[in-house]
Amino acid sequence: MITETYTDGISEITVTGSIVRVDLMSLSPSERDANGNPVPMVRQRLILPADAFANAADLMQQVKNSLIESGVIHPGQPQREAVPFAGARPGRNTSPNFS
């Protein structure tokens, strides 16, 4: 069995020497900020050697290009606004984890 992890995004990437740490965050189902928006929380961390991170980035770029070619995403469309880990998530929560 393969363990699957859902993430709403990446909150931070830290490089220390030849090690890259990628913090995966999701929106809290119970904690809210002052505006009533779910608070982003670090859930897991990926730790990779720098060369593995670079290979993963190349693979993600290939998949992105494939998504563009198939029409799933459009290069001219505005990017989703980044969610700063310590800040509030603007707008309505669109995570599939919440209804």
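**View 1. The pairing of β1 with β2.** Strands β1 and β2 run antiparallel and are joined by seven bridges, in what is a predicted model. Within this pairing, T14 has R21 of β2 as its bridge partner, while I10 stands opposite L24 in β2. The hairpin that β1 and β2 make has two residues between the strands, and G17 takes a positive phi near 65° there.

**View 2. The pairing of β2 with β3.** Strand β2, which covers residues 19-32, pairs with strand β3, residues 38-49, in the antiparallel sense, and 10 bridges hold this pairing in the model. One example to look for is S26, whose bridge partner in β3 is M41. These two strands also form a hairpin, with five residues between them, and in its turn G36 has a positive phi of about 85°.

View 3. Taken together, the three strands make an open sheet in the order β1-β2-β3, with antiparallel pairing. Because β1 (9-16) and β3 stand at the edges and each has a single partner strand, one side of each is left without a neighbour in the sheet. From one strand to the next, the twist averages 25°.

**View 4. The helix on the sheet.** Helix α1, made of residues 50-69, packs on the sheet and touches β1, β2 and β3, and its direction makes about 115° with that of β3.

**View 5. The second largest pocket.** This pocket has a volume of about 220 Å³, and the residues that line it are I10, I13, V22, L46, L48, F53, A56, A57 and M60. The elements that give two or more residues to this lining are β1, β3 and α1, and the largest share, four residues, comes from α1. When the lining of the second largest pocket is sorted by class, it has nine nonpolar residues, with no polar and no charged ones. I10, which belongs to this lining, is also the residue that stands opposite L24 in β2.

**View 6. Confidence along the chain.** The chain has a mean pLDDT of 83, and 77% of its residues reach 70 or more. Over residues 85-99, however, pLDDT stays under 50, and for this stretch the model has 26 contacts beyond four places in sequence. Where pLDDT is low, the predicted coordinates should not be read in detail.

Definitions and conventions:
Residues numbered from 1 in each chain as written. Predicted model: local features only at pLDDT ≥ 70, side-chain atom pairs only at ≥ 80, totals over all residues. Heavy atoms only, no water. Pairing = 2+ DSSP bridges. pLDDT = per-residue confidence, 0-100. Contact = heavy atoms within 4.5 Å. Axes fitted to C-alpha atoms, helices over the stretch in contact; angles between N-to-C directions. 1 Å grid on protein atoms, 1.4 Å probe; cavity = no way out; pocket = protein on both sides within 12 Å on 5 of 7 lines; lining within 4 Å. Points joined across faces, edges and corners; volume = space filled by probe spheres on them. Nonpolar A, V, L, I, M, F, W, Y, C, P; charged D, E, K, R; others polar.
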